[in-house]
Amino acid sequence: MELPYQKIFVTGHRGMVGSAFCRLLARKHPHIQVITAPREQLDLTRESDVRAFLEANRPDAIVFAASRVGGIIANATYPVEFLSENVQMAIATITAAYELGVKRFLYLGSTCIYPRMAPQPIREEYLLTSPLEETNEAYALAKIVGLKLCQYYRKQYGVLFHSAMPTNLYGTGDNYHPNHSHVIPGLIRRFHEAKINGAETISIWGTGKPRREFLYVDDLADALLHLISIHNPPDWVNVGSSTDISILELANLVARTIGYQGQILTDPSKPDGTPRKLTDTSLMQATGWTPTIELGEGLKLAYEDFLTGLSNGNLRSQ
Ligand code: GDP
């Protein structure tokens, strides 16, 4: 696969998605210079700072993987930060990229942009057809602004700015915070601790009935590379695995992966979130891409990553 870029700026390179994408670029396209900027050096919410950074570094493509992210509780607890930081980062970076003549911009969103009661599997055109899920409305609104701004730039000024909407991600470099993480890292941590402590029961949040679709982050990195290599990408496209599983089934799979043999209880006092979130991935498939890491294998890789982080003392938990 040929990539006509010499310098790619990856925002959010310390996050799960950004770091996976940087690893993949280094492996598959070692000649491409990857530009990154730690948060202490560049505040992506400030357009003038982003512009100065782009002027100094002159990337020809940007992969935007910087976001304030979190699981269901974090989203519901900090809606102000989830909306304002994500909107500001998107507007500042997309605007500065256009002004500095960046040739290609790939913006990362999430499938939570779709309506809570969207027909399943969710197709791209269901965007903005009915109300959003309340527990992640702030994040979803911000991501809709980002994808629309890319779409408008492309339409109004003819630049190749476009977006990818991944389903629930997990894997290498995940955030294992006990309350703020997403379900897979949250369960890996709690089930591991329950195994070590010999706990006879463990509870998972909610009723266990909601269904979710999961994608290993290295698959997403591969999808992003594919998307920036094709000539006429969709304005926004779902990136998923096309299969979903109930949270209780997931918990059983995590227990098996970790070797926890106690009883799994549900905790309906915690929120369930949207009942089902399965994406239709036919648009992405039509561009010539499908994922390769299935959930059972991915959970093993994720647990290995968790154990490595634990033993090295550098487990992400924030
Ligand atoms: P969502 O897809 O935006 O709802 O994000 P999450 O990954 O945070 O949650 C997915 C589902 O897993 C929700 O129904 C949660 O209630 C459920 N869940 C069960 N146990 C946990 C847990 O320990 N952490 C998280 N984050 N979710 C959990």
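**View 1. Thr-281 is a buried loop residue.** Thr-281 counts as buried because its relative accessibility is 6%; buried means under 20% relative accessible area, exposed over 50% and partly exposed in between, with a 1.4 Å probe and protein chains only. Thr-281 sits in the loop between strand S12 (276-277) and helix H9 (282-286). Helices (H or I, at least four residues) and strands (E, at least two) are DSSP runs, numbered from the N terminus. Leaving aside neighbours within four places in sequence, Thr-281 is in contact with Glu-213, Gly-240 and Ser-242. Contact means heavy atoms within 4.5 Å. The model is predicted: local features need pLDDT of at least 70, side-chain atom pairs count only at pLDDT 80 or more, and totals for chains, interfaces and linings use all residues. Residues are numbered from 1 along each chain as its sequence is written, and side-chain values use heavy atoms, with hydrogens and water left out.

**View 2. Thirteen residues, written 13 in the count, line the second largest pocket.** Phe-214, Ser-241, Thr-243, Glu-294 and Leu-295 lie nearest the pocket's centre. Strand S8 (211-216) and strand S10 (244-246) are the elements that give two or more residues to the lining. S8 gives the largest share, three residues. A pocket is an open set of points on a 1 Å grid over the protein atoms alone, where a 1.4 Å probe fits, with protein on both sides within 12 Å along at least five of seven lines; lining residues have an atom within 4 Å of a point.

**View 3. Leu-250 belongs to the largest nonpolar core.** This core has 60 residues, and Ile-8, Phe-191 and Leu-250 have the most contacts inside it. A nonpolar core is a set of buried Ala, Val, Leu, Ile, Met, Phe, Trp, Tyr and Cys residues joined through side-chain atoms within 4.5 Å. Beyond four places in sequence, the contacts of Leu-250 include Val-183, Phe-214 and Leu-295. A second, separate core of 41 residues includes Ile-113, Cys-150, Tyr-153 and Val-159.

**View 4. Phe-105 and Phe-161 form a tilted ring pair.** The whole structure holds 14 aromatic pairs. The ring centres of Phe-105 and Phe-161 are 5.3 Å apart and the planes lie at 40°, so this pair is tilted. Rings of Phe, Tyr and Trp (its six-membered ring) pair if their centres lie within 6.5 Å; planes under 30 degrees apart are stacked, over 60 edge-to-face, the rest tilted. Phe-105 is in strand S4 (residues 104-108) and Phe-161 in strand S5 (residues 160-166), 56 residues apart. Both are buried.
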